[in-house]
Amino acid sequence: MSKTHLGHTARKRFGQNFLHDEYIIDKIVSAIAPTNAQNLVEIGPGLGALTEPVCEVIDALTVVELDRDLAKRLRQHPFMQSKLTVIEEDALNFDFSSLVEDGKKIRVFGNLPYNISTPLMFHLFSFTGCIADMHFMLQQEVVNRLAAAPNHKNYGRLSVMAQYYCKVMPVLPVPPTAFKPAPKVESAVVRLIPYESPPVAVDNLERLNQVTAMAFNQRRKTLRNSLKELIGPDDWSHLSVAEDLRAENVSLAQFAEMANFVERKRDGDHS
């Protein structure tokens with residue numbers, strides 16, 4: 001079915017780039033592999049490039065769409081309206097746990113607006129307890145950051161936090177020509193599978209967020225300098241992490257160790 005009849009002009013403020021390449025769309029839907037027994041949720045369905053082929057194989061889909069015009073089109077769509085539950089809200093503020101039904105976790109997917117993709121990732125991480133998996137189209141650079149290992153220029157706070165919550169699996173690259181208008185950047189699809197139990201033990205997630213944020217905000221500085229407000233000169237002897245490392249050299253396990261140390265120190269326990 002042609003998508004051009006919808007005649008919607010992409011809005012820059014929503015970061016809208018619409019997917020139209022049938023081959024790529026088919027690959028993405030195959031990667032998601034939707035079935036009727038699942039609780040599927042699409043973020044930012046736009047003109048329905050992924051929504052339509054997904055609805056061809058399942059009977060019910062929840063979509064979260066901020067753009068009022070697009071939400072209205074989806075509600076009135078001749079083929080999909082009976083299958084769709086349209087939630088007209090900002091995904092950045094939406095409570096995704098409200099979509100869990102009969103204990104059935106949600107499977108989330110979408111071609112995410114690039115201007116909100118990183119904050120949206122952090123928002124979704126807070127719901128990983130009720131998410132089975134996520135498949136997203138993102139800027140290639142964001143997928144590289146999600147998947148990056150220590151000692152790489154792409155490694156940052158997003159890498160650390162994503163890898164605490166999820167197994168990160170790049171799925172396929174997507175060229176700019178697959179979109180209208182064509183963005184100036186390469187894109188890629190990534191699969192994120194939340195861990196049943198995280199790969200490292202963290203006493204307080206707020207502390208892990210704080211330590212990683214402070215370390216990467218001054219990523220050219222050594223940990224001794226970037227974290228001096230949290231970890232004093234005498235504290236480093238209690239840690240297995242070298243104080244002269246920079247944030248990009250530090251593993252998730254080491255960030256967890258520092259976060260737990262800072263948390264215990266706050267509690268007055270120096271053991």
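Before I start, buried means under 20% relative accessible area and exposed means over 50%, with partly exposed in between, using a 1.4 Å probe and protein chains only. Helices, H or I runs of at least four residues, and strands, E runs of at least two, are DSSP runs numbered from the N terminus.

This is a predicted model, in which local features need pLDDT of at least 70 and side-chain atom pairs count only at pLDDT 80 or more, while totals for chains, interfaces and linings use all residues. Residues are numbered from 1 along each chain as its sequence is written, and side-chain values use heavy atoms, with hydrogens and water left out.

The overall picture, then. The chain holds nine helices and nine strands. Its C-alpha trace spans about 70 × 40 × 30 Å along the principal axes. Of its 271 residues, 51% count as buried.

Next, helix α1. Which residues of α1 are buried? They are I24, I25, I28, V29, A31 and I32. These residues lie on the same side of α1, because they cover an arc of only 155° around the axis, the arc being that of the directions from the helix axis to the C-beta atoms. Y23 and D26, on the other side of α1, are exposed.

Now the strands. Two strands pair if DSSP finds at least two bridges between them. Strand β3, residues 61-64, runs parallel to strand β4, residues 84-87, and four bridges join them. L61 has L84 as its bridge partner in β4. Together with helix α3, residues 68-75, these strands β3 and β4 make a right-handed β-α-β unit. Right-handed here means that, with the strands pointing away from the viewer, the path from the first strand over the helix to the second runs clockwise.

Strand β5, residues 106-111, is parallel to β6, with six bridges between them. V108 finds its bridge partner in β6 at M134.

Strand β6 covers residues 131-139, and eight of its nine residues are buried. β6 also pairs with strand β9, residues 187-194, through six bridges, and here the strands run antiparallel. L138 has A188 as its bridge partner in β9.

On to the cavity. A cavity is a set of points, on a 1 Å grid over the protein atoms alone, where a 1.4 Å probe fits but cannot get out, and lining residues have an atom within 4 Å of a point. Grid points are joined across faces, edges and corners, and a volume is the space filled by probe spheres set on the points. How many cavities of 30 Å³ or more does a search of the whole structure find? One, and the volume of the largest cavity is about 30 Å³. Its lining consists of I28, I32, L50, F109, G110, H135, F136, M137 and V189. The elements that give two or more residues to that lining are α1 (22-32), β5 and β6. β6 gives the most, with three residues.

Last, V143, which sits in helix α5, residues 140-147. V143 is buried, with a relative accessible area of 1%. V143 and V171 are 28 residues apart in sequence, and their C-alpha atoms are 9.7 Å apart in space.

Terms used: On a 1 Å grid over the protein atoms alone, a cavity is a set of points where a 1.4 Å probe fits but cannot get out, and a pocket is an open set with protein on both sides within 12 Å along at least five of seven lines; lining residues have an atom within 4 Å of a point.
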